[in-house]
Amino acid sequence: MRGWILALAVIAGSVPAAAQTINMPIAKGFWIAATGKCATATNGYAYDGARWGAVYFYGPNASMGPVAEMEKIGRTNPVPGGFTNMQLGDYQGMGYFHLKAVAAGKAVLRTGAPGPEGVQVMDDAIVVCDLKSLSPRMQAALKRLAPALAVK
C-alpha cells in the first residue's frame, strides 16, 4: 500500500509546467506604451491567454516586418509589490517579466535584466488597445502572428 501512495505522490509532484494554472492580472490584448497611440502603434506586447511577447515592425520608419517574439507562459506566481511573475517557457532565468494591473486597461510592466552591476529593473506603464483601433497593418500582423488574440 505504501508503494502506491509513494507512486501517486511522485506523479502528482511531476505535473508539467504547461499544466500549471496561468493567472494573469491583465486581460488578453495588445498592450502598448502608455505614451503611445493605438492607431499608430508599430510595436507592443501581445497576450493571447497562453503566450506573451513583443510584436513589432522594425527598420527605418518601421518599414520592415512584422516580427513576433512570443513565448508560452509556463506558469505565473505572485511576487512582492502586487506584481505577477510570468515564467516564459519551461524555466525561470535570471531576467524576469512582472505585471501589475493599476486600473482597467492599464498596467505596469516591470522588466528585470541581468547587467554588469546586477539585475537592472525598468518599469513601463502600458495600456491595452482595442484591436479595431489599431492600424490595418498592425491588425494584419496580429492576425498572422497572434491568431488567438486577433479573434478576440
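Reply: Pro 66 is found in strand E4, which covers residues 64-79; helices (H or I, at least four residues) and strands (E, at least two residues) are DSSP runs, numbered from the N terminus. The model is predicted, so that local features need pLDDT of at least 70 and side-chain atom pairs count only at pLDDT 80 or more, while totals for chains, interfaces and linings use all residues. Residues are numbered from 1 along each chain as its sequence is written, and side-chain values use heavy atoms, with hydrogens and water left out.

Pro 66 is joined to Gly 65 by a cis peptide bond, with omega at about 15 degrees. Asn 61 lies in the loop between strand E3 (51-58) and E4, and Ala 62 lies in the loop between E3 and E4 as well. Asn 61 has a positive phi, near 55 degrees, although it is not a glycine. The phi of Ala 62, also not a glycine, is positive too, at about 55 degrees. Most residues other than glycine have a negative phi, and most peptide bonds are trans.

Asn 61 counts as exposed because its relative accessibility is 80%. Ala 62, at 10%, counts as buried.

E4 belongs to a closed barrel of 8 strands, in the order E1-E2-E3-E4-E5-E6-E7-E8, with antiparallel pairing; two strands pair if DSSP finds at least two bridges between them. From one strand to the next the twist averages 35 degrees, where axes are lines fitted to C-alpha atoms (for helices over the stretch in contact) and angles run from 0 to 180 degrees between N-to-C directions. E5 and E6 run antiparallel and are joined by 3 bridges. Met 86 has Phe 97, in E6, as its bridge partner.

Gln 87 has its place in strand E5. Gln 87 counts as buried because its relative accessibility is 6%. Its side chain makes polar contacts, each a pair of N or O atoms within 3.5 Å; within protein, one must be able to donate a hydrogen and the other to accept it, and residues adjacent in sequence count only if both atoms are side-chain atoms. A polar atom of the Gln 87 side chain lies 3.3 Å from the backbone oxygen of Gly 89, and the side chain of Gln 87 also reaches the backbone oxygen of Asp 90 at 3.3 Å.

Salt bridges complete the picture; each is a side-chain nitrogen of Lys or Arg within 4 Å of a carboxyl oxygen of Asp or Glu. By this rule the count comes to 2. In one of them, Asp 48 is joined to Arg 51, with the closest N and O atoms 3.1 Å apart. Asp 48 counts as buried at 8% relative accessibility, whereas Arg 51, at 26%, counts as partly exposed. Arg 110 and Asp 123 also meet in a salt bridge, at 2.7 Å from N to O. Arg 110 lies in strand E7 and Asp 123 in strand E8 (residues 118-129), so this pair ties together parts that are 13 residues apart in sequence. Arg 110 is partly exposed, at 24%, and Asp 123 counts as partly exposed at 43%.

Notes
Buried < 20%, exposed > 50% of the residue type's maximum accessible area, 1.4 Å probe, protein only.
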